[in-house]
Amino acid sequence: MNTPLAPAQLAATDRAHIIHPYLPGTAEERVIMTGGSGCRLTDAEGRSYLDATGGLWLAQIGHGREEIARVAYDQMKQLEYFTSFWEFSNDRAVELAARLASLAPEGLGHVYFTSGGSEGNEAAIKMARYYHHRRGDTGRTWILARHKAYHGIGYGGGSATGFPVYHEGFAPMMPHVSHLTPPWPYRKELFGGQERTPEQVTNFLIQELEERIAEIGGENIAAMIGEPIMGVGGMLVPPPDYWPRVREVLDRHGILLILDEVVTAYGRVGQWFAAQYFGITPDIIVTAKGITSGYIPLGALLVGDHVAEVLLRDHGFPMGYTYNGHPVAAAVALANLDIIEREGLLARATAIGGHLHRELESQLGDLPIVGEIRSVGMMLAVELVADRKTREPLPMLQPLLPDVIRRESGVIVRDCAHSLVLSPPLIMTETEAKETVTAMRSVLERTLPTGE
Ligand code: PLP
C-alpha cells in the first residue's frame, strides 16, 4: 500500500514525473484533484472548485455517483475483462450495443467499441476507406475536414484536425486530407467580409464543398468528417440548414459522412445525438466522453447498417483493440445511460443550458470585450473581441483568463480559439450557473478589450 503524499510532495512528485499535455516543464503550479461530488471538486490542499467544463466536456451526470462505483465493483467481481475479437463477446457489451442502437438515428444499428474519441476517429477514417475498398472503389482515399476542427491525437484524426498548431513538429501528417471553411457565421471575414444571413453562409459553404469535390474528384473521396458543433474551434454552431445540405451533396457523390460526436452525444445538446438535433442521418457517428460521463474510458462508433454489411463480408473487419467492448466500461456506460434517462437529463440540458445562456447575456452582454454569446444546450461560448464593431479577435491574454477566474473564484472554465467555453455537468443548478457567470464577469469587467 502506498503511503499518501502530503500536498506539497504530491505537487513536487507530479512535476518530477508526469508529462502533462500543454504544460511547460517550467510551470510550478499544480491543481491536484482528490475528490468530486455533483459539480464540485476538491483538491489536495482542501480548496473547492465549481466544474463548469465537465472536465474535458463530459461529466454528464456529475461527479461522485456511488451507483456507478457499485456497478463497476460488481462487474469486476463477475468478469473484469475478456477479448471481443473473433467470436468472443460479453453480456454487458451486447446489452450496451443494443441500447445504443435503440437510441441512434434509424439505420445506425451496428456498434464498434473503442476506448476513447481519438481511437474512434482513427477507426472511423479507416472504416470509411475500407468500406469503399471492399466494394472495389479503391480510389476513394481522400478525407474532407474543416479548418478549426479537432478530431484527436492520432495521425488520421490528427490530420483531419484543422489547426496548424496541432500539426507543427509532427509532420508528415496523413496525406489526402483537405480542409474546408468552418461554419462560423460571426467571423464574417471568412465569407467575403459582409454580414450574411444563415442561408447565405450555408450557400457559401456548400459552393466551396462542391468546388472542392470537383477539384479532387468525387470518385477519389472516401468521407467527410465533422463535429456537428465545433468544440475546440469555440463552440461553432452552424446554420440550421448546413448539415442537411452537406449530407445531400455527399450523398450525390457517394461520399460517407462521419459525424464526430465525441463532445455532442449523450445529452449535451439536449438530444441523445446532435445528428438528431440537426435532423440528419450520418453513415458513422463517433462517440466517447459522455457515454460513461468519464467514470471509465470508453468510446463507441455507431455504424450504418449499409456500411456494416460491407465491413462484415468475407473475413470481416480486420482491425481491433485489446479493450474493444470492455465489460466494466460497458456496465458503467449502461448505468450512466440509465441515470441520464431516469433523471431526464436531455430535457435538463436544454433547460439549464438556456438558463445559463440568459445568465451570460444579462451579466456579460454589456461588456465591450464580449463579441458573441452562442450555445446549444450545455455547450456554450463567449467569443471575446478587441473591438465589438470590427469583431477583431482579442489577442492572447497573459495570464490566461481561465487561470485568473479559477484562482480568484474556484470556477473552472476553459478558453478555446478566442472564446471562453462552458460545458458543465447536465445536473448543474441555477445557483451554480449564476456563480459561474458572476465569476466570469468579475474578471472580464476588469479585462481591457485590447488585452492589456
Ligand atoms: N473529437 C472531438 C470533437 C473532441 O473534442 C475530442 C477531445 O476533446 C476528441 C475527438 C478526442 O477524444 P479523446 O480525447 O477521448 O481521444
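Predicted model: local features only at pLDDT ≥ 70, side-chain atom pairs only at ≥ 80, totals over all residues.

1. A word on terms before we start: helices (H or I, at least four residues) and strands (E, at least two) are DSSP runs, numbered from the N terminus. Residues are numbered from 1 along each chain as its sequence is written, and side-chain values use heavy atoms, with hydrogens and water left out.

2. Let us stay with Thr264. Is Thr264 buried or exposed? Thr264 counts as buried, at 1% relative accessibility; buried means under 20% relative accessible area, exposed over 50%, and partly exposed in between (1.4 Å probe, protein chains only). Its side chain makes a polar contact of 2.8 Å with the side chain of Glu261. A polar contact here is a pair of N or O atoms within 3.5 Å; within protein, one must be able to donate a hydrogen and the other to accept it, and residues adjacent in sequence count only if both atoms are side-chain atoms. Leaving aside residues up to four places away in sequence, Thr264 touches Pro228, Ile229, Val269, Trp272, Ala274 and Met379, where contact means heavy atoms within 4.5 Å.

3. The loop between S8 and H9 also holds Tyr266. Tyr266 is worth a look in your backbone check: its phi is positive, about 65°, although it is not a glycine. The relative accessible area of Tyr266 is 0%, so this residue is buried.

4. Now to the ligand. Which residues surround the ligand? They are Gly116, Gly117, Ser118, Asn121, Tyr150, His151, Gly152, Glu227, Asp260, Val262, Val263 and Lys289, each with a heavy atom within 4 Å of it. Helix H5 (residues 117-134) gives the largest share of this shell, three residues. By class the shell has three nonpolar, six polar and three charged residues; Ala, Val, Leu, Ile, Met, Phe, Trp, Tyr, Cys and Pro count as nonpolar, Asp, Glu, Lys and Arg as charged, and the others, Gly among them, as polar.

5. A polar side-chain atom of Asp260 is 2.7 Å from a nitrogen atom of the ligand. A ligand oxygen atom lies 2.9 Å from a polar backbone atom of Gly117, and an oxygen atom of the ligand is 2.9 Å from an N or O atom in the side chain of Lys289. Of the 390 Å² of accessible area that the ligand has on its own, the protein covers 80%; these areas come from the Shrake-Rupley method with a 1.4 Å probe, and for residues only the protein chains shown count as cover.

6. On packing: the largest nonpolar core has 100 residues, of which Leu209 and Phe273 touch the most other members. Such a core is a set of buried Ala, Val, Leu, Ile, Met, Phe, Trp, Tyr and Cys residues joined through side-chain atoms within 4.5 Å. Helix H11 (residues 327-342) supplies its largest share, ten residues. Apart from it lies another core of 31 residues, including Ala123, Ile143, Ala288 and Met319.

7. Ala335 lies in helix H11. With a relative accessible area of 5%, Ala335 is buried, and beyond residues up to four places away in sequence it touches Ile68 and Val71.

8. Finally, the loop between helix H6 (155-160) and strand S6 (177-180), where Glu168 is found. Glu168 is exposed, with a relative accessible area of 64%, whereas His167 counts as buried at 19% relative accessibility. A polar atom of the His167 side chain is 3.0 Å from the backbone oxygen of Thr161. Pro172 is found in this loop as well, and a cis peptide bond joins Ala171 and Pro172, with omega about 0°.
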